[in-house]
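Here is a short tour for a first look. Keep the structure open as you read.

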Amino acid sequence: MHQKPLELILARNLLTSLSTPAFLVDESGTMIFYNEAAGALLGISFEESGRMPAEEWSHAIGPFGDDGSPIPIEQLPTTKALRQGRPAHGGFTVRSMTGDDYEIESTALPIVAEGGQEGAMIFFWTRANNTRGAA
Amino acid sequence: MKLKVWGARGSVPAPGPEMNRYGGNTSCVELELSDGSTLIIDAGTGIRSLGVGIAKRLPKINILLTHLHLDHIQGLMFFAPCFRSESKITIWGPSSPEASLEERISRYISAPLSPVEVRELPCEVNFRDTPPSEWEIGPAKIHAEAVTHRGPTLGYRITDGPTTLTYISDHEPGLGAPLESLEPEWISGYDLARDSHLLIHDCQYTDEEYPEHVGWGHSRLSDTLTFARRVDAQRLLMFHHDPLHSDDFLDRFQESARERWAELGGPDGAVQMAAEAQEIEIGAPVGMGVAS
């Protein structure tokens, strides 16, 4: 397997050190890392889940709209960050592996290196008293 | 390939009687390739002495710069071939979105820091902005990759025939990363250094000193050794000595490194502190081909 670009290595190192839940995706949208805080929210650690293609993680954890249906991939902050190379923000619901739903706000920041788009960091903020029952 | 160390000190030149054996000059290494040509890596103050010897015999010179911190370029202004009209010098260094390599180096070789400007040098000098990439210089295949340090910084893997040298003089791969357990694809510099016959690597700090310098872009001993073991380097030359580390200190540091290398299962005699004037035949069996 090829070594990751330095920018993604440094991004992972940063996210590892943060208590803010955060994901790291590569330029294809594949989730290639998330930190312990995100693992606590999702109910599964990255070491257990491993990397996940975009379709897989969007199916498993969302995000979902108010009516419970998946949000179209074009509307996700992650997609905007990757395709348009700009920061993007949104609010929606994600589902943990234990079945709990969380209302969150999320900001995606593109990682652009000399060679172009490398991926994005996605930070989450969980709204207070937001845990809803299993959907 | 044959290697000669002209400067192994980091950060700032550290002359003085207590530094004589390992030397006080900053980063510079000379490589003699299989066709007899010369490749220079980094242009710290060590390049001044190197330049005196090669000014007349080598009209074409390639210099690979890892980055543009002063301890890696300070000797350029005093490199004798720069002041000979017969010289054709190509300087390779990391590209940056901020300015070209020539513009960035010109900030040093210009007033008020220098009495001459780059355009006034009598030699022919070409600057090659170098993104992570592969190319050839004579018989050598050069592979450059960005590595963890402060600012744009390259490490180099140089392969000439069956032998491979990796040079990562300024590197902090253990920053926020558990090197002993991390998957190889997530380790800065892994692909560069994998299975090298000789790895020249940053080892500026002891483990006890490191907490005061986390994030400065340099390695502690345990990270250097772990990195070298993870990449299966045959031989490790510890480099970029802290300017406060005297000869006696570095002797003790080397002994400690060898003990810990053995604990990690590394082969005997494979770990050494870099020292000025040291020569190494790369690829020779460990314990041979070294002269200091």
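Which elements do the buried residues of helix 1 of chain A pack against?

## Helix 1 of chain A

They pack against strand 1 (22-26), strand 2 (31-34), helix 3 (46-49), strand 4 (101-113) and strand 5 of chain A. Strand 8 (140-146) of chain B is also on the list. Packing here rests on contact, meaning heavy atoms within 4.5 Å. Helix 1 spans residues 6-16, and its buried residues include A:Leu6, A:Ile9, A:Arg12 and A:Asn13. Buried means under 20% relative accessible area, with a 1.4 Å probe and protein chains only. Helices (H or I, at least four residues) and strands (E, at least two) are DSSP runs, numbered from the N terminus.

## About the model

This is a predicted model, in which local features need pLDDT of at least 70, side-chain atom pairs count only at pLDDT 80 or more, and totals for chains, interfaces and linings use all residues. Residues are numbered from 1 along each chain, chains are lettered from A and ligands numbered from 1 in the order written, and side-chain values use heavy atoms, without hydrogens or water.

## Nonpolar cores

The largest nonpolar core has 65 residues. Such a core is a set of buried Ala, Val, Leu, Ile, Met, Phe, Trp, Tyr and Cys residues joined through side-chain atoms within 4.5 Å. Among the residues touching the most other members are A:Phe23, A:Met31 and B:Phe227. Strand 5 (residues 116-126) of chain A gives this core its largest share, five residues. A second, separate core of 28 residues includes B:Leu31 and B:Ala274.

## The sheet in chain B

Seven strands of chain B form an open sheet in the order 7-8-9-10-11-12-13, with mixed pairing. Two strands pair if DSSP finds at least two bridges between them. Strand 7 (133-137) and strand 13 (271-273) of chain B stand at the edges; each has a single partner strand, so one side of each lacks a neighbour in the sheet. The twist averages 20 degrees from one strand to the next.

Strand 8 and strand 9 (residues 154-160) of chain B run antiparallel, joined by seven bridges. B:His143 has B:Arg157 in strand 9 of chain B as its bridge partner.

## Two buried loop residues

B:Ile282 lies in the loop between strand 14 (279-281) and strand 15 (290-291) of chain B. B:Ile282 counts as buried because its relative accessibility is 4%. Beyond its neighbours within four places in sequence, B:Ile282 contacts residues including B:Met1, B:Leu31 and B:His197.

B:Gln204 sits in the loop between strand 11 (198-202) and helix 4 (221-230) of chain B. At 2% relative accessibility, B:Gln204 is buried too.

Methods:
Buried < 20%, exposed > 50% of the residue type's maximum accessible area, 1.4 Å probe, protein only. Axes fitted to C-alpha atoms, helices over the stretch in contact; angles between N-to-C directions.
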